[in-house]
Amino acid sequence: MWLGSWVDVGRTVLVGVLAYGALVTMLRLTGARTLAKLNAFDLIVTVALGSTLATVLLSSSVSLTRGVVALALLVVLQLAVAWTSVHSRWFRRAVRSQPTALLRDGRLLVGAMRDARITSEEVRQALRATGSGDLADVAAVVLETDGTLSVVPLSRLGDGSALADVPAVDGG
């Protein structure tokens, strides 16, 4: 079947416009933090929102009301987790990973790289992407909580305060 029925196409358009409008409204009301890519948990919520929206659009067995309630539930849960993370240290530690130093003072931290399942080639690629050609010119490479690699050149280290929450770098 190439087209299906016009009723199905019309339902998809109508439900799509309404569900999309509801999701955009919820996201505008809750702020940018709802879709921030700050850590793996945020990514999961973003993917779940997309999957829920797709299900509402394509499955006639899911009503618009049920779909909007599901979207709202995910948004409210994300807000609750974000709020609780800000106000509770133990909860923050439970739902968020910590940044990890993979290179310090020009030296690859092999144990940390192994634990993070990051290869030296991937660290070197991140260095090249920032224009760094010599490991000795780099103060730190950090695997961030969102999975990106941050490179801090030695020339831009300053007092190192940006690395204060990176355990392998903190304190020396």
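These legends go with a set of close-up views of a predicted model. In this predicted model, local features need pLDDT of at least 70 and side-chain atom pairs count only at pLDDT 80 or more, while totals for chains, interfaces and linings use all residues. Residues are numbered from 1 along each chain as its sequence is written, and side-chain values use heavy atoms, with hydrogens and water left out.

View 1. D42, V45, L49, T52, L53 and V56 are buried, where buried means under 20% relative accessible area, exposed over 50%, and partly exposed in between (1.4 Å probe, protein chains only). Down the axis of α2, these buried residues fall within an arc of 100 degrees, so they line one face of the helix; the arc is that of the directions from the helix axis to the C-beta atoms. An α-helix has 3.6 residues a turn, so residues three or four places apart point the same way. The cover over the buried residues of α2 includes α1 (6-30) and α3 (64-87). Turned away from the buried side, the other face carries the exposed residues I44, V47 and L58.

**View 2. L14 on helix α1.** L14 sits in α1 and counts as exposed, at 53% relative accessibility.

**View 3. Helix α6 among its neighbours.** In α6 (residues 120-129), S120, V123, A126 and L127 are buried. They cover an arc of only 120 degrees around the axis, which puts them on the same side of α6. The buried residues pack against β1 (100-104), β2 (107-108), α5 (110-116), β3 (138-143) and β4 (149-153). On the face turned away from that buried side are the exposed residues E121, R128 and A129. Just after α6, G131 takes a positive phi of about 85 degrees.

**View 4. S120 up close.** S120 belongs to α6 and, at 18% relative accessibility, counts as buried. Leaving out residues up to four places away in sequence, S120 touches L108 and M113; contact means heavy atoms within 4.5 Å.

**View 5. Two loop residues with positive phi.** Most residues other than glycine have a negative phi. D105, in the loop between β1 and β2, has a positive phi of about 50 degrees although it is not a glycine. D105 is exposed, with a relative accessible area of 52%. R117, in the loop between α5 and α6, has a positive phi of about 60 degrees and is not a glycine either. At 71% relative accessibility, R117 counts as exposed.

**View 6. The largest pocket.** About 300 Å³ of space lies in this pocket. A pocket is an open set of points on a 1 Å grid over the protein atoms alone where a 1.4 Å probe fits, with protein on both sides within 12 Å along at least five of seven lines; lining residues have an atom within 4 Å of a point. Of the 12 lining residues, R92, S97, Q98, P99 and D165 are the closest to the centre. The lining divides into 2 nonpolar, 4 polar and 6 charged residues (Ala, Val, Leu, Ile, Met, Phe, Trp, Tyr, Cys and Pro count as nonpolar, Asp, Glu, Lys and Arg as charged, and the others, Gly among them, as polar).

Technical notes. Helices (H or I, at least four residues) and strands (E, at least two) are DSSP runs, numbered from the N terminus. Grid points are joined across faces, edges and corners, and a volume is the space filled by probe spheres set on the points.
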